[in-house]
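Hello,

Here is the structure I promised to pass on to you.

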Amino acid sequence: ICAATKDQVQSMVMQMLMMSGKPQADAADGLAVAICHAHTAQSVVSMAGQVKKPVRGRFR
């Protein structure tokens with residue numbers, strides 16, 4: 001498992017959200033969690049559209 005430092009998380013959040021300055025460390029952590037959640041939710045919705053319809057109670 002890779003672990004980013006607080007400074008790395010702040011820089012990543014700053015770049016992804018096109019911020020002019022670094023957010024506070026705790027704020028950056030919260031924003032990083034929100035960004036990950038948004039990306040995961042989009043992936044789940046995208047995958048849900050690719051599921052085949054059930055045929056007699058089974059997915060094929």
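Below is what I found in it.

This is a predicted model, in which local features need pLDDT of at least 70 and side-chain atom pairs count only at pLDDT 80 or more, while totals for chains, interfaces and linings use all residues. Residues are numbered from 1 along each chain as its sequence is written, and side-chain values use heavy atoms, with hydrogens and water left out.

**Overall picture**

The protein has 2 helices and 2 strands, in the order α-α-β-β from the N terminus. Helices (H or I, at least four residues) and strands (E, at least two) are DSSP runs, numbered from the N terminus. Of its 60 residues, 12% count as buried; buried means under 20% relative accessible area, exposed over 50%, and partly exposed in between (1.4 Å probe, protein chains only).

**Helix α1**

In α1, which spans residues 6-16, the buried residues are Val9, Gln10 and Val13. They sit on the same side of α1 because they cover an arc of only 100 degrees around the axis, taken from the directions from the helix axis to the C-beta atoms. Among what covers these buried residues is α2 (25-48). Met16 also lies in α1, but its relative accessibility is 42%, so Met16 counts as partly exposed. Just after α1, Met18 has a positive phi of about 50 degrees.

**Contacts**

Taking contacts (heavy atoms within 4.5 Å) between residues at least 6 apart in sequence, 0% join residues at least 24 apart.

Enjoy exploring it!
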